[in-house]
Structures are given as C-alpha cells and as structure tokens.
Amino acid sequence: MGVKLLVLNGPNLNLLGAREPEVYGSQTLDELNAHLVEFGAGLGFDVVCHQSNHEGELITAVQEAGAAGTPIAFNPGAYSHTSIGLRDAISGSGARVVEVHISNIHARERFRHHSHISPVALGVIAGLGAQGYELAIRAIHTYLKEAA
C-alpha cells in the first residue's frame with residue numbers, strides 16, 4: 001500500500017468528455033480517474049479521486065486531507081476564481097496542494113485570470129490538458145521525496 005494522494009475535482013468536471021471537448025478534451029472523468037489511479041500507483045501512491053459540484057464538500061475534503069497529511073492534486077474549476085473559503089481551507093489545514101487546470105486560464109476570459117487558490121498552492125499547472133494531473137502527481141512525488 002502506497003502513500004495516499006487525493007485527486008480532487010470541483011464543479012462541472014463531472015461533465016468532462018461532454019462539456020466543450022474542444023477546450024477540455026474527450027476523455028470522461030471516469031476514464032481520467034482510472035488512468036490517474038494507475039499512473040499514481042506507478043509512483044507509489046494510493047490515489048483516491050473525488051469530484052463535487054458543492055463548495056462545502058470540497059472544503060471538507062481539503063480540511064480532512066490537510067489534517068491527515070494527504071497531498072492533493074486539485075482542479076477547483078470555477079471555484080478557483082471565487083472561493084476564498086477553499087483558499088482558507090488549504091492554508092488553515094496546511095494542505096499540500098498542486099492546483100491543476102485543464103485549460104490555460106490565462107488565455108481565456110479575464111475573470112478566469114485570477115485564482116484565489118494559487119497563492120496557497122505548492123504550484124500551478126494550467127493549459128496542458130489532462131496531462132496536467134500527471135504532472136501534478138509527479139510534482140507531489142518530488143516534493144515529498146525532497147521534504148523527507
């Protein structure tokens with residue numbers, strides 16, 4: 001059994017594969033999750049995937065992961081731009097988060113250019129499609145090795 005790692009997805013990511021495939025790709029969330037479980041296992045992680053459209057549920061997941069020392073690859077979706085509650089959950093719980101965005105939020109609408117999550121994240125990966133999750137998992141792997 002490996003080190004637990006949470007892949008956490010926010011609102012509308014349950015629509016992957018159907019919602020704007022030209023922006024988000026054709027892979028479904030279930031397909032992505034299955035891939036990330038396998039990918040993470042190759043790095044010694046026990047990957048647990050969770051998605052919610054509800055801000056409070058995401059806040060609870062972040063708080064619990066932070067308290068347990070479970071790192072998070074987190075795509076907060078639109079909550080990146082609006083949720084001070086998620087930002088506070090990360091900083092308040094000491095959660096180790098790498099923020100992931102499938103699309104390049106800086107090349108999209110102006111309101112997407114600012115993230116409340118980025119200042120409290122270990123790093124941010126945006127615009128590289130679903131590969132961004134793999135990069136986040138690799139970054140967490142390196143971070144944990146260097147912190148040991």
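**View 1. Asn 12, a partly exposed loop residue.** Asn 12 counts as partly exposed because its relative accessibility is 35% (buried is under 20% relative accessible area, exposed is over 50%, and partly exposed is in between, with a 1.4 Å probe and protein chains only). You'll find Asn 12 in the loop between S1 and helix H1 (21-24); helices (H or I, at least four residues) and strands (E, at least two) are DSSP runs, numbered from the N terminus. Its phi is near 75°, a positive value in a residue other than glycine.

A quick note for every view: this is a predicted model, where local features need pLDDT of at least 70 and side-chain atom pairs count only at pLDDT 80 or more, while totals for chains, interfaces and linings use all residues. Residues are numbered from 1 along each chain as its sequence is written, and side-chain values use heavy atoms, with hydrogens and water left out.

**View 2. Gln 51 and its partners.** Gln 51 sits in strand S2. Its side chain makes a polar contact of 3.4 Å with the side chain of Asn 14 and another of 3.0 Å with that of Asn 53 (a polar contact is a pair of N or O atoms within 3.5 Å; within protein, one must be able to donate a hydrogen and the other to accept it, and residues adjacent in sequence count only if both atoms are side-chain atoms). Setting aside neighbours within four places in sequence, Gln 51 is in contact (heavy atoms within 4.5 Å) with Asn 9, Gly 10, Pro 11, Asn 12, Leu 13, Asn 14 and Leu 29.

**View 3. The largest nonpolar core, seen around Tyr 133.** This core has 20 residues, and Leu 5, Val 7, Leu 16, Tyr 133 and Ile 137 have the most contacts inside it. A nonpolar core is a set of buried Ala, Val, Leu, Ile, Met, Phe, Trp, Tyr and Cys residues joined through side-chain atoms within 4.5 Å. At least two of the core's residues come from each of S1, helix H2 (29-42), S2, strand S4 (97-101) and helix H5 (131-147). Beyond its neighbours within four places in sequence, Tyr 133 is in contact with Val 7, Asn 9, Leu 13, Leu 32, Leu 36, Asn 75, Val 100 and Ile 102.

**View 4. A second, separate core.** This one has 18 residues, among them Ile 59, Val 97, Val 120 and Ala 121.
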